[in-house]
Amino acid sequence: MTFDSLGLSAPILDAVSAKGYETPSPIQAKAIPAVIAGQDVMAAAQTGTGKTAGFTLPILEKLSQGERARPNQVRALILTPTRELAAQVSESVATYGKNLPLRSTVVFGGVKINPQMMKLRKGVDVLVATPGRLLDLCNQGAVKFDQLEVLVLDEADRMLDMGFIHDIKKILNLLPRQRQNLMFSATFSDDIRQLAKGLVNNPVEISVSPPNTPVAAVEQWLCPVDKKQKSALLTQLIEKHNWSQVLVFTRTKHGANRLARQLESRGINASAIHGNKSQGARTKALAGFKAGSIRVLVATDIAARGLDIDHLPQVVNFDLPNVPEDYIHRIGRTGRAGATGQAISLVCADEFKQLTDIERLINQIIERKLVDDFEPVHHLPESSLKQRPSHTKKPKKVKPGHRDGQRSSENARGHRSPDRLVSVDGNAKQSANSKSRSRYRLDNQSGENPGSRPKNRTGSSARNSSGNHHDNRPGTSRNRSGNR
Ligand code: AMP
(Lines give C-alpha, C1' and ligand atoms only; values in the text may rest on other atoms or scores of the structure.)
Protein backbone atom coordinates (compact mmCIF):
# COMPACT_ATOMS: atom_id res chain seq x y z
CA MET A 1 0.00 0.00 0.00
CA THR A 2 1.16 3.55 -0.71
CA PHE A 3 0.11 6.94 0.62
CA ASP A 4 -1.34 7.77 -2.83
CA SER A 5 -4.21 5.36 -2.29
CA LEU A 6 -5.44 6.95 0.94
CA GLY A 7 -7.22 9.99 -0.49
CA LEU A 8 -4.55 12.57 0.30
CA SER A 9 -3.87 15.40 -2.14
CA ALA A 10 -0.56 16.29 -3.80
CA PRO A 11 0.68 18.99 -1.35
CA ILE A 12 0.35 16.55 1.55
CA LEU A 13 1.78 13.61 -0.38
CA ASP A 14 4.79 15.76 -1.29
CA ALA A 15 5.35 16.65 2.38
CA VAL A 16 5.07 12.99 3.37
CA SER A 17 7.55 11.87 0.77
CA ALA A 18 9.92 14.71 1.75
CA LYS A 19 9.83 13.17 5.24
CA GLY A 20 11.01 9.92 3.68
CA TYR A 21 7.92 7.85 4.48
CA GLU A 22 7.29 5.26 1.81
CA THR A 23 4.48 3.10 3.17
CA PRO A 24 1.73 4.05 5.57
CA SER A 25 1.97 2.39 8.96
CA PRO A 26 -1.00 0.12 9.84
CA ILE A 27 -2.72 2.82 11.89
CA GLN A 28 -2.26 5.34 9.10
CA ALA A 29 -3.70 2.92 6.55
CA LYS A 30 -6.82 2.54 8.68
CA ALA A 31 -7.27 5.98 10.22
CA ILE A 32 -6.56 8.23 7.24
CA PRO A 33 -9.47 7.11 5.00
CA ALA A 34 -11.86 6.96 7.97
CA VAL A 35 -11.04 10.52 9.07
CA ILE A 36 -11.27 11.86 5.52
CA ALA A 37 -14.70 10.19 5.26
CA GLY A 38 -15.77 12.21 8.32
CA GLN A 39 -16.09 9.30 10.75
CA ASP A 40 -15.29 9.40 14.44
CA VAL A 41 -12.30 7.25 15.37
CA MET A 42 -11.31 5.49 18.55
CA ALA A 43 -7.83 4.06 18.23
CA ALA A 44 -5.74 1.94 20.56
CA ALA A 45 -2.24 2.79 19.45
CA GLN A 46 1.05 2.95 21.24
CA THR A 47 3.49 5.74 20.62
CA GLY A 48 5.85 4.77 17.85
CA THR A 49 3.12 3.44 15.59
CA GLY A 50 2.89 6.61 13.51
CA LYS A 51 -0.39 7.69 15.08
CA THR A 52 0.45 11.40 14.89
CA ALA A 53 0.55 11.35 11.10
CA GLY A 54 -2.46 9.03 11.29
CA PHE A 55 -4.64 11.87 12.50
CA THR A 56 -2.70 14.92 11.29
CA LEU A 57 -2.58 14.05 7.59
CA PRO A 58 -6.34 13.53 7.09
CA ILE A 59 -7.17 16.56 9.26
CA LEU A 60 -4.95 18.72 7.06
CA GLU A 61 -6.59 17.20 4.01
CA LYS A 62 -10.05 18.14 5.25
CA LEU A 63 -9.08 21.61 6.43
CA SER A 64 -7.42 22.41 3.11
CA GLN A 65 -10.85 22.30 1.54
CA GLY A 66 -13.06 24.39 3.81
CA GLU A 67 -13.31 28.06 4.81
CA ARG A 68 -10.18 29.44 6.52
CA ALA A 69 -10.27 30.26 10.23
CA ARG A 70 -11.74 33.63 11.18
CA PRO A 71 -10.20 35.79 13.96
CA ASN A 72 -9.75 33.86 17.23
CA GLN A 73 -11.44 30.83 15.73
CA VAL A 74 -10.01 27.30 15.63
CA ARG A 75 -10.99 24.64 13.09
CA ALA A 76 -9.19 21.61 14.51
CA LEU A 77 -8.25 21.24 18.17
CA ILE A 78 -5.67 18.65 19.26
CA LEU A 79 -5.43 18.14 23.02
CA THR A 80 -2.35 16.49 24.49
CA PRO A 81 -1.41 15.76 28.10
CA THR A 82 2.09 17.25 28.15
CA ARG A 83 3.90 20.26 26.80
CA GLU A 84 6.52 18.13 25.10
CA LEU A 85 3.94 16.10 23.25
CA ALA A 86 2.08 19.28 22.29
CA ALA A 87 5.29 20.74 20.87
CA GLN A 88 6.04 17.55 18.92
CA VAL A 89 2.55 17.23 17.48
CA SER A 90 2.66 20.87 16.49
CA GLU A 91 5.97 20.27 14.70
CA SER A 92 4.37 17.40 12.81
CA VAL A 93 1.42 19.59 11.80
CA ALA A 94 3.84 22.21 10.48
CA THR A 95 5.92 19.60 8.64
CA TYR A 96 3.04 17.76 7.00
CA GLY A 97 1.18 20.99 6.24
CA LYS A 98 4.12 22.94 4.89
CA ASN A 99 2.71 23.04 1.34
CA LEU A 100 -0.76 24.17 2.46
CA PRO A 101 -2.00 27.70 3.18
CA LEU A 102 -3.10 26.73 6.71
CA ARG A 103 -2.16 28.34 9.98
CA SER A 104 -1.32 26.26 13.05
CA THR A 105 0.05 26.98 16.48
CA VAL A 106 0.66 25.37 19.85
CA VAL A 107 -0.25 26.60 23.34
CA PHE A 108 0.87 25.21 26.70
CA GLY A 109 1.65 26.49 30.17
CA GLY A 110 4.97 27.42 31.70
CA VAL A 111 5.58 30.16 29.15
CA LYS A 112 4.06 33.64 28.67
CA ILE A 113 0.45 33.70 27.59
CA ASN A 114 0.54 36.99 25.63
CA PRO A 115 2.47 35.78 22.58
CA GLN A 116 0.02 32.87 22.38
CA MET A 117 -2.92 35.27 22.46
CA MET A 118 -1.34 37.30 19.65
CA LYS A 119 -0.96 34.20 17.47
CA LEU A 120 -4.56 33.20 18.07
CA ARG A 121 -5.87 36.65 17.16
CA LYS A 122 -5.87 35.99 13.43
CA GLY A 123 -7.45 32.59 13.92
CA VAL A 124 -5.73 29.23 13.41
CA ASP A 125 -6.77 26.21 11.39
CA VAL A 126 -5.04 23.76 13.75
CA LEU A 127 -4.47 24.41 17.43
CA VAL A 128 -2.44 21.98 19.54
CA ALA A 129 -2.96 22.57 23.25
CA THR A 130 -2.58 21.23 26.76
CA PRO A 131 -5.89 21.47 28.64
CA GLY A 132 -5.00 23.91 31.42
CA ARG A 133 -3.56 26.65 29.24
CA LEU A 134 -6.33 26.23 26.71
CA LEU A 135 -8.91 26.93 29.42
CA ASP A 136 -6.96 30.00 30.53
CA LEU A 137 -7.00 31.27 26.96
CA CYS A 138 -10.71 30.51 26.60
CA ASN A 139 -11.42 32.43 29.80
CA GLN A 140 -9.65 35.42 28.35
CA GLY A 141 -11.66 35.22 25.14
CA ALA A 142 -8.59 34.42 23.05
CA VAL A 143 -10.00 31.19 21.57
CA LYS A 144 -13.43 30.60 20.08
CA PHE A 145 -14.84 27.39 18.73
CA ASP A 146 -17.74 28.41 16.44
CA GLN A 147 -15.82 27.09 13.45
CA LEU A 148 -14.53 23.93 15.14
CA GLU A 149 -14.72 20.89 12.86
CA VAL A 150 -12.49 18.28 14.49
CA LEU A 151 -11.41 17.44 18.04
CA VAL A 152 -8.50 15.08 18.77
CA LEU A 153 -7.77 13.68 22.22
CA ASP A 154 -4.22 12.37 22.00
CA GLU A 155 -2.95 10.01 24.70
CA ALA A 156 -6.33 10.08 26.37
CA ASP A 157 -5.29 7.51 28.97
CA ARG A 158 -2.48 9.74 30.12
CA MET A 159 -4.82 12.73 30.32
CA LEU A 160 -6.99 10.80 32.74
CA ASP A 161 -3.96 9.60 34.72
CA MET A 162 -2.89 13.19 35.09
CA GLY A 163 -6.27 14.26 36.38
CA PHE A 164 -7.30 16.34 33.37
CA ILE A 165 -10.79 14.86 33.23
CA HIS A 166 -12.45 17.99 34.67
CA ASP A 167 -10.61 20.29 32.30
CA ILE A 168 -11.53 18.05 29.40
CA LYS A 169 -15.18 18.11 30.38
CA LYS A 170 -15.10 21.91 30.63
CA ILE A 171 -13.51 22.12 27.19
CA LEU A 172 -16.06 19.71 25.69
CA ASN A 173 -18.83 22.00 26.98
CA LEU A 174 -17.36 24.88 25.00
CA LEU A 175 -17.30 23.01 21.70
CA PRO A 176 -20.08 22.85 19.09
CA ARG A 177 -22.03 19.59 19.29
CA GLN A 178 -21.65 18.93 15.60
CA ARG A 179 -18.03 17.94 15.17
CA GLN A 180 -15.77 15.01 14.33
CA ASN A 181 -14.04 13.32 17.29
CA LEU A 182 -10.84 11.32 17.23
CA MET A 183 -9.57 9.63 20.34
CA PHE A 184 -6.17 7.98 20.68
CA SER A 185 -5.06 6.04 23.70
CA ALA A 186 -2.29 3.54 24.38
CA THR A 187 -4.62 1.45 26.51
CA PHE A 188 -8.39 1.20 26.77
CA SER A 189 -9.31 0.99 30.42
CA ASP A 190 -12.88 1.19 31.70
CA ASP A 191 -12.34 4.89 32.46
CA ILE A 192 -11.30 5.55 28.89
CA ARG A 193 -14.32 3.68 27.55
CA GLN A 194 -16.50 5.76 29.85
CA LEU A 195 -14.96 8.96 28.52
CA ALA A 196 -15.35 7.69 24.96
CA LYS A 197 -19.07 7.08 25.46
CA GLY A 198 -19.74 10.78 25.89
CA LEU A 199 -17.33 11.75 23.14
CA VAL A 200 -17.28 9.63 20.01
CA ASN A 201 -20.34 8.72 17.94
CA ASN A 202 -20.44 5.35 16.29
CA PRO A 203 -16.66 5.36 15.92
CA VAL A 204 -14.44 3.32 13.68
CA GLU A 205 -12.44 1.31 16.20
CA ILE A 206 -8.82 0.74 15.32
CA SER A 207 -6.33 -1.36 17.20
CA VAL A 208 -3.03 -1.74 15.48
CA SER A 209 -1.23 -3.87 18.00
CA PRO A 210 -2.76 -5.95 20.73
CA PRO A 211 -3.31 -3.72 23.74
CA ASN A 212 -0.72 -4.03 26.48
CA THR A 213 1.82 -5.81 24.30
CA PRO A 214 5.20 -4.11 24.15
CA VAL A 215 6.73 -3.28 20.82
CA ALA A 216 8.08 -6.58 19.54
CA ALA A 217 11.36 -5.10 18.39
CA VAL A 218 12.38 -4.20 21.94
CA GLU A 219 14.75 -6.60 23.66
CA GLN A 220 13.90 -6.61 27.35
CA TRP A 221 15.99 -7.80 30.27
CA LEU A 222 16.45 -6.96 33.90
CA CYS A 223 19.26 -6.88 36.43
CA PRO A 224 18.38 -7.92 39.96
CA VAL A 225 20.27 -5.46 42.16
CA ASP A 226 20.05 -3.89 45.59
CA LYS A 227 18.47 -0.47 45.64
CA LYS A 228 21.56 1.32 46.89
CA GLN A 229 23.66 -0.20 44.13
CA LYS A 230 21.45 0.87 41.24
CA SER A 231 23.24 4.09 40.47
CA ALA A 232 26.69 2.43 40.44
CA LEU A 233 25.33 -0.42 38.30
CA LEU A 234 23.83 2.02 35.82
CA THR A 235 27.18 3.82 35.58
CA GLN A 236 28.92 0.53 34.92
CA LEU A 237 26.41 -0.55 32.27
CA ILE A 238 26.66 2.77 30.44
CA GLU A 239 30.44 2.71 30.42
CA LYS A 240 30.95 -0.97 29.78
CA HIS A 241 28.55 -1.07 26.84
CA ASN A 242 29.47 2.41 25.70
CA TRP A 243 25.84 3.45 25.52
CA SER A 244 25.70 6.80 23.80
CA GLN A 245 22.07 7.81 24.28
CA VAL A 246 20.12 6.45 27.23
CA LEU A 247 16.69 7.45 28.45
CA VAL A 248 16.41 6.55 32.13
CA PHE A 249 13.13 6.48 34.02
CA THR A 250 12.77 7.22 37.69
CA ARG A 251 9.56 7.20 39.66
CA THR A 252 9.99 10.60 41.26
CA LYS A 253 11.22 14.05 40.31
CA HIS A 254 13.54 14.04 43.29
CA GLY A 255 14.98 10.68 42.22
CA ALA A 256 15.52 12.01 38.68
CA ASN A 257 17.46 15.02 39.97
CA ARG A 258 19.56 12.91 42.31
CA LEU A 259 20.47 10.35 39.66
CA ALA A 260 21.37 13.02 37.09
CA ARG A 261 23.67 14.62 39.70
CA GLN A 262 25.30 11.27 40.53
CA LEU A 263 25.95 10.47 36.87
CA GLU A 264 27.38 13.95 36.25
CA SER A 265 29.71 13.50 39.22
CA ARG A 266 31.01 10.32 37.56
CA GLY A 267 31.74 12.15 34.32
CA ILE A 268 28.63 11.09 32.39
CA ASN A 269 26.70 13.98 30.81
CA ALA A 270 23.21 13.74 32.21
CA SER A 271 20.17 15.94 32.60
CA ALA A 272 16.84 15.51 34.35
CA ILE A 273 13.47 16.31 32.82
CA HIS A 274 10.30 16.48 34.88
CA GLY A 275 7.30 18.60 35.73
CA ASN A 276 9.13 20.87 38.19
CA LYS A 277 11.63 22.00 35.60
CA SER A 278 10.89 25.19 33.70
CA GLN A 279 9.75 24.76 30.13
CA GLY A 280 13.03 26.32 28.98
CA ALA A 281 15.08 23.76 30.95
CA ARG A 282 12.97 20.88 29.62
CA THR A 283 13.30 22.03 26.02
CA LYS A 284 17.05 22.55 26.44
CA ALA A 285 17.58 19.11 27.99
CA LEU A 286 15.58 17.42 25.25
CA ALA A 287 17.41 19.32 22.50
CA GLY A 288 20.79 18.41 24.07
CA PHE A 289 19.77 14.77 24.29
CA LYS A 290 18.60 14.67 20.69
CA ALA A 291 21.78 16.41 19.51
CA GLY A 292 24.00 14.00 21.47
CA SER A 293 25.55 16.49 23.90
CA ILE A 294 23.58 14.94 26.76
CA ARG A 295 24.27 11.22 27.03
CA VAL A 296 21.70 10.33 29.65
CA LEU A 297 18.27 11.90 29.99
CA VAL A 298 16.66 11.03 33.31
CA ALA A 299 12.92 11.43 33.16
CA THR A 300 9.75 10.82 35.10
CA ASP A 301 6.90 9.07 33.32
CA ILE A 302 4.82 12.13 32.74
CA ALA A 303 7.64 14.27 31.38
CA ALA A 304 8.81 11.50 29.07
CA ARG A 305 5.43 10.55 27.72
CA GLY A 306 5.20 11.28 24.04
CA LEU A 307 8.87 12.10 23.55
CA ASP A 308 9.72 11.23 20.01
CA ILE A 309 13.41 10.62 19.76
CA ASP A 310 14.42 8.79 16.64
CA HIS A 311 16.32 5.52 16.93
CA LEU A 312 16.65 5.65 20.70
CA PRO A 313 18.75 2.56 21.42
CA GLN A 314 18.50 2.24 25.23
CA VAL A 315 15.77 2.72 27.76
CA VAL A 316 16.54 1.99 31.40
CA ASN A 317 13.96 1.60 34.14
CA PHE A 318 15.93 2.78 37.13
CA ASP A 319 12.74 2.26 39.16
CA LEU A 320 9.90 0.09 38.00
CA PRO A 321 6.68 2.06 37.56
CA ASN A 322 3.84 1.55 40.02
CA VAL A 323 1.36 1.43 37.17
CA PRO A 324 2.29 -1.58 35.00
CA GLU A 325 0.98 0.05 31.80
CA ASP A 326 3.65 2.72 32.23
CA TYR A 327 6.26 0.04 31.60
CA ILE A 328 4.85 -0.38 28.11
CA HIS A 329 4.83 3.37 27.52
CA ARG A 330 8.40 3.59 28.73
CA ILE A 331 9.84 0.86 26.58
CA GLY A 332 7.85 2.21 23.64
CA ARG A 333 10.48 4.98 23.53
CA THR A 334 12.86 2.51 21.91
CA GLY A 335 12.41 0.15 18.99
CA ARG A 336 10.32 2.81 17.25
CA ALA A 337 9.35 2.83 13.61
CA GLY A 338 11.00 -0.50 12.88
CA ALA A 339 14.25 0.16 14.76
CA THR A 340 15.49 -2.28 17.38
CA GLY A 341 16.20 -1.28 20.93
CA GLN A 342 16.92 -2.52 24.41
CA ALA A 343 14.90 -1.92 27.55
CA ILE A 344 16.75 -2.73 30.76
CA SER A 345 15.22 -2.65 34.22
CA LEU A 346 17.20 -2.43 37.46
CA VAL A 347 15.02 -4.27 39.91
CA CYS A 348 15.45 -4.51 43.67
CA ALA A 349 13.69 -6.87 46.04
CA ASP A 350 11.17 -4.18 47.05
CA GLU A 351 9.94 -4.02 43.50
CA PHE A 352 8.90 -7.64 43.18
CA LYS A 353 5.22 -6.75 43.25
CA GLN A 354 5.62 -4.16 40.45
CA LEU A 355 7.69 -6.68 38.48
CA THR A 356 5.05 -9.37 38.80
CA ASP A 357 2.32 -6.94 37.75
CA ILE A 358 4.31 -5.95 34.68
CA GLU A 359 5.15 -9.52 33.70
CA ARG A 360 1.50 -10.52 34.02
CA LEU A 361 0.43 -7.56 31.93
CA ILE A 362 2.83 -8.35 29.12
CA ASN A 363 2.34 -12.07 29.72
CA GLN A 364 6.05 -12.67 29.66
CA ILE A 365 8.77 -13.37 32.20
CA ILE A 366 11.52 -10.83 31.62
CA GLU A 367 14.96 -12.39 31.23
CA ARG A 368 17.28 -11.81 34.18
CA LYS A 369 20.97 -11.00 33.93
CA LEU A 370 23.12 -10.84 37.03
CA VAL A 371 26.05 -8.45 36.83
CA ASP A 372 29.29 -9.42 38.56
CA ASP A 373 29.81 -7.52 41.80
CA PHE A 374 26.23 -6.33 41.79
CA GLU A 375 24.49 -9.54 42.83
CA PRO A 376 21.85 -8.42 45.29
CA VAL A 377 22.01 -9.22 48.97
CA HIS A 378 18.26 -8.87 49.11
CA HIS A 379 17.00 -11.63 46.90
CA LEU A 380 14.55 -10.82 44.12
CA PRO A 381 12.16 -13.78 44.14
CA GLU A 382 11.50 -15.75 40.98
CA SER A 383 8.41 -14.56 39.16
CA SER A 384 5.52 -16.59 37.97
CA LEU A 385 2.80 -15.62 35.54
CA LYS A 386 0.31 -17.87 37.27
CA GLN A 387 0.16 -17.31 40.99
CA ARG A 388 -0.37 -14.05 42.74
CA PRO A 389 2.55 -13.22 45.03
CA SER A 390 1.59 -14.53 48.42
CA HIS A 391 1.01 -11.81 50.98
CA THR A 392 0.09 -14.16 53.77
CA LYS A 393 3.23 -15.25 55.50
CA LYS A 394 3.43 -17.77 58.24
CA PRO A 395 4.39 -16.13 61.48
CA LYS A 396 8.08 -16.77 62.02
CA LYS A 397 9.77 -17.87 65.15
CA VAL A 398 11.70 -15.00 66.57
CA LYS A 399 15.36 -15.90 66.81
CA PRO A 400 17.52 -14.53 69.57
CA GLY A 401 18.90 -11.20 68.45
CA HIS A 402 16.09 -10.71 65.92
CA ARG A 403 13.50 -8.92 67.87
CA ASP A 404 11.32 -8.13 64.89
CA GLY A 405 11.61 -11.62 63.48
CA GLN A 406 13.28 -10.48 60.23
CA ARG A 407 16.05 -12.30 58.49
CA SER A 408 19.47 -10.73 58.56
CA SER A 409 21.10 -10.01 55.22
CA GLU A 410 23.49 -12.89 55.67
CA ASN A 411 20.61 -15.25 56.18
CA ALA A 412 18.87 -13.70 53.25
CA ARG A 413 21.91 -14.44 51.18
CA GLY A 414 21.86 -17.97 52.39
CA HIS A 415 18.35 -18.38 51.04
CA ARG A 416 19.31 -17.47 47.54
CA SER A 417 19.33 -20.53 45.41
CA PRO A 418 22.57 -21.21 43.63
CA ASP A 419 22.14 -21.01 39.93
CA ARG A 420 23.46 -21.96 36.64
CA LEU A 421 25.07 -18.72 35.53
CA VAL A 422 25.32 -17.98 31.86
CA SER A 423 27.32 -15.05 30.56
CA VAL A 424 25.70 -12.99 27.85
CA ASP A 425 28.08 -14.40 25.29
CA GLY A 426 26.55 -17.77 26.04
CA ASN A 427 29.33 -19.42 28.10
CA ALA A 428 27.77 -21.50 30.77
CA LYS A 429 29.29 -21.18 34.22
CA GLN A 430 28.17 -23.96 36.48
CA SER A 431 28.04 -23.01 40.09
CA ALA A 432 28.90 -25.67 42.61
CA ASN A 433 25.30 -26.31 43.34
CA SER A 434 23.53 -26.18 39.99
CA LYS A 435 19.78 -26.23 39.75
CA SER A 436 17.69 -26.35 36.62
CA ARG A 437 16.71 -22.71 36.84
CA SER A 438 19.11 -20.46 34.98
CA ARG A 439 20.03 -16.86 35.43
CA TYR A 440 22.25 -14.75 33.28
CA ARG A 441 25.05 -12.44 34.11
CA LEU A 442 27.15 -9.90 32.33
CA ASP A 443 30.78 -10.77 32.58
CA ASN A 444 32.83 -8.02 34.04
CA GLN A 445 36.09 -9.07 32.47
CA SER A 446 38.26 -6.44 34.08
CA GLY A 447 36.83 -7.41 37.42
CA GLU A 448 36.62 -3.72 38.21
CA ASN A 449 33.57 -2.07 39.50
CA PRO A 450 33.56 1.71 39.26
CA GLY A 451 30.75 1.95 41.73
CA SER A 452 32.44 -0.53 44.12
CA ARG A 453 30.16 -2.34 46.50
CA PRO A 454 29.68 -0.83 49.91
CA LYS A 455 31.82 -2.53 52.51
CA ASN A 456 28.87 -3.25 54.66
CA ARG A 457 26.48 -4.92 52.29
CA THR A 458 23.77 -5.05 54.86
CA GLY A 459 23.75 -1.27 54.52
CA SER A 460 22.02 -1.70 51.19
CA SER A 461 18.71 -2.69 52.69
CA ALA A 462 16.13 -1.18 50.42
CA ARG A 463 13.50 1.12 51.74
CA ASN A 464 10.04 0.82 50.34
CA SER A 465 9.60 3.83 48.14
CA SER A 466 5.91 3.52 47.55
CA GLY A 467 5.38 6.57 49.69
CA ASN A 468 7.26 8.74 47.21
CA HIS A 469 5.44 11.50 45.41
CA HIS A 470 4.31 10.86 41.91
CA ASP A 471 5.38 13.20 39.24
CA ASN A 472 2.96 16.03 38.92
CA ARG A 473 -0.27 14.14 39.29
CA PRO A 474 -2.64 16.99 39.67
CA GLY A 475 -5.43 17.04 42.12
CA THR A 476 -5.73 20.78 42.11
CA SER A 477 -5.31 23.45 39.51
CA ARG A 478 -2.39 24.77 41.53
CA ASN A 479 -0.21 21.69 41.18
CA ARG A 480 -1.49 21.00 37.70
CA SER A 481 0.10 24.20 36.47
CA GLY A 482 3.39 22.33 36.38
CA ASN A 483 2.23 20.56 33.28
CA ARG A 484 0.33 23.25 31.62
P1 AMP B 1 4.33 8.54 16.41
O2 AMP B 1 3.80 7.20 16.80
O3 AMP B 1 3.30 9.38 15.75
O4 AMP B 1 4.97 9.22 17.59
O5 AMP B 1 5.48 8.31 15.30
C6 AMP B 1 6.64 7.61 15.59
C7 AMP B 1 7.76 7.85 14.57
O8 AMP B 1 7.47 7.21 13.34
C9 AMP B 1 8.01 9.32 14.23
O10 AMP B 1 9.40 9.54 14.30
C11 AMP B 1 7.53 9.47 12.81
O12 AMP B 1 8.28 10.45 12.12
C13 AMP B 1 7.73 8.08 12.24
N14 AMP B 1 6.77 7.73 11.18
C15 AMP B 1 5.45 8.01 11.17
N16 AMP B 1 4.86 7.49 10.07
C17 AMP B 1 5.83 6.86 9.36
C18 AMP B 1 5.84 6.12 8.13
N19 AMP B 1 4.73 5.91 7.43
N20 AMP B 1 7.02 5.61 7.72
C21 AMP B 1 8.15 5.80 8.46
N22 AMP B 1 8.20 6.48 9.62
C23 AMP B 1 7.07 7.01 10.08
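Residue numbers start from 1 along each chain, as its sequence is written. As the model is predicted, local features need pLDDT of at least 70 and side-chain atom pairs count only at pLDDT 80 or more, while totals for chains, interfaces and linings use all residues. The protein chain averages a pLDDT (the predictor's confidence in each residue, from 0 to 100) of 79, with 75% of the residues at 70 or above. Residues 398-484 sit below 50, yet beyond near neighbours in sequence this stretch has 141 contacts in the model (a contact puts two C-beta atoms, placed from the backbone, within 7 Å).

On to the sheet. Seven strands form an open sheet in the order 3-4-2-5-6-1-7, with parallel pairing (strands are DSSP E runs of at least two residues and helices H or I runs of at least four, numbered from the N terminus; pairing takes at least two DSSP bridges). Strand 3 (104-107) and strand 7 (204-207) are the edges, each pairing on one side only. Strand 1 (residues 41-44) runs parallel to strand 7 and is joined to it by four bridges, with valine 41 partnering valine 204.

Now the helix pair. Helix 3 (residues 51-63) packs against helix 4 (residues 83-96) at about 45 degrees, axes 10 Å apart (axes are lines fitted to C-alpha atoms, for helices over the stretch in contact; angles run from 0 to 180 degrees between N-to-C directions). Thr52, Ala53, Thr56, Leu57 and Leu60 of helix 3 meet Val89, Ser92, Val93 and Tyr96 of helix 4.
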